[in-house]
Amino acid sequence: MQLSVDPAAATPPYEQIRAQIAERARSGELPTGLRLPTVRALAEELGLAAGTVARAYRELEADGVVETHGRRGTLIAATGDTAHRLAAAAAAEYAERAIRLGLPQADALASVAAALRLAYQEA
């Protein structure tokens, strides 16, 4: 697996790693079940601290892109189902909060639309 990190970029190294792995998993270039290099091995390969790679892996796991299985290592998860499930859970949490805050449905939807536009422009 070839990853690159630009130390001069404004994006932190852990985020560069996270984004590259996530995109490759989404595109199918990294197939479900593929075992990623260990944190230490990837850190050494990229010339980074192990903590930097560990943070990228933690973020990927939180996003449902990878799963950690102890001695079996870190594997690419079946992201389609996991990503949709996590997005639906986050949407449900937002809807509940918007109702508790007393927001009309149209205002809650407008807030989501604005946040998504901004997030996708920055991605």
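In this predicted model, the axes of helix α1 (residues 13-27) and helix α3 cross at roughly 45° and come within 8 Å.

**Packing of α1 with α3**

- The crossing of α1 and α3 has a right-handed sense.
- On the α1 side, the contact is formed by Pro13, Tyr14, Ile17, Arg18, Ile21 and Ala22.
- On the α3 side, these residues meet Thr52, Val53, Arg55, Ala56, Tyr57, Glu59 and Leu60.
- By residue class, the contact of α1 with α3 comprises 9 nonpolar, 1 polar and 3 charged residues.

**Packing of α2 with α3**

- The crossing of α2 and α3 is right-handed.
- Helix α2 contributes Val39, Leu42 and Ala43, which meet Ala50, Val53, Ala54 and Tyr57 of α3.
- The contact of α2 with α3 consists of 7 nonpolar residues, with no polar and no charged ones.

- Val53 of α3 is listed in the contact with α1 and in the contact with α2.
- Tyr57 of α3 likewise meets residues of α1 and residues of α2.

**Secondary structure and overall form**

- The protein contains 5 helices and 2 strands.
- Along the sequence, these elements follow the pattern α-α-α-β-β-α-α.
- The protein is more spread out than a compact globule, because its radius of gyration of 17 Å is well over the 14 Å that the globule rule gives for 123 residues.
- The C-alpha trace spans about 50 × 35 × 25 Å along the principal axes of the protein.

**Burial and contact range**

- Of the 123 residues in the protein, 25% are buried.
- Among contacts between residues at least 6 apart in sequence, 45% join residues at least 24 apart.

Terms used. Residues numbered from 1 in each chain as written. Predicted model: local features only at pLDDT ≥ 70, side-chain atom pairs only at ≥ 80, totals over all residues. Heavy atoms only, no water. Left-handed = near helix turned anticlockwise from the far one by under 90°. Helix = DSSP H or I, 4+ residues; strand = E, 2+ residues; numbered from the N terminus. Contact = heavy atoms within 4.5 Å. Nonpolar A, V, L, I, M, F, W, Y, C, P; charged D, E, K, R; others polar. Rg over C-alpha atoms; globule rule 2.2 N^0.38 Å. Buried < 20%, exposed > 50% of the residue type's maximum accessible area, 1.4 Å probe, protein only. Axes fitted to C-alpha atoms, helices over the stretch in contact; angles between N-to-C directions.
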